[in-house]
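Opening the notebook on a new chain today. I want its overall build, its charges and its surface.

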Amino acid sequence: MMTVIEKFQTLTPELQREVEDFIEFLLMKQRQRSASEADDALDWQAASQAALDAIWDNDEDDVYAQLLAQ
């Protein structure tokens, strides 16, 4: 069974350029997907932070502030 490299080497130079272009296209898609996933994670983090701030950032439940006030 031939490896991918061996198969690539049997192609004409024109077809090798097409394969290289396709690989570049796939790499671009991968980078975009990674960037999109990172953006999604930041969006979820921001949404979670806002919800948590509403619950945890209040004077009644601030145990440390109460201890400091004593």
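Predicted model: local features only at pLDDT ≥ 70, side-chain atom pairs only at ≥ 80, totals over all residues.

Residues are numbered from 1 along each chain as its sequence is written, and side-chain values use heavy atoms, with hydrogens and water left out.

Entry, fold. I looked up the elements and found three helices and zero strands, in the order α-α-α from the N terminus. Helices here are DSSP runs of H or I with at least four residues, strands are runs of E with at least two, and numbering starts at the N terminus.

Entry, dimensions. I get a radius of gyration of 27 Å, whereas a compact globule of 70 residues would be near 11 Å (taken over C-alpha atoms; the rule is 2.2 Å times the number of residues to the power 0.38). The C-alpha box along the principal axes is roughly 80 × 20 × 15 Å.

Entry, burial. I find 0% of the 70 residues buried (buried is under 20% relative accessible area, exposed over 50%, partly exposed in between, with a 1.4 Å probe and protein chains only).

Entry, charges. I have 5 positive and 16 negative charges, with mean positions 22 Å apart. Lys and Arg count as positive, Asp and Glu as negative, and His and the chain ends are not counted; the places are NZ of Lys, CZ of Arg, CG of Asp or CD of Glu.

Entry, L26. I located L26 in helix 2, residues 13–56, and its relative accessible area of 38% makes it partly exposed.
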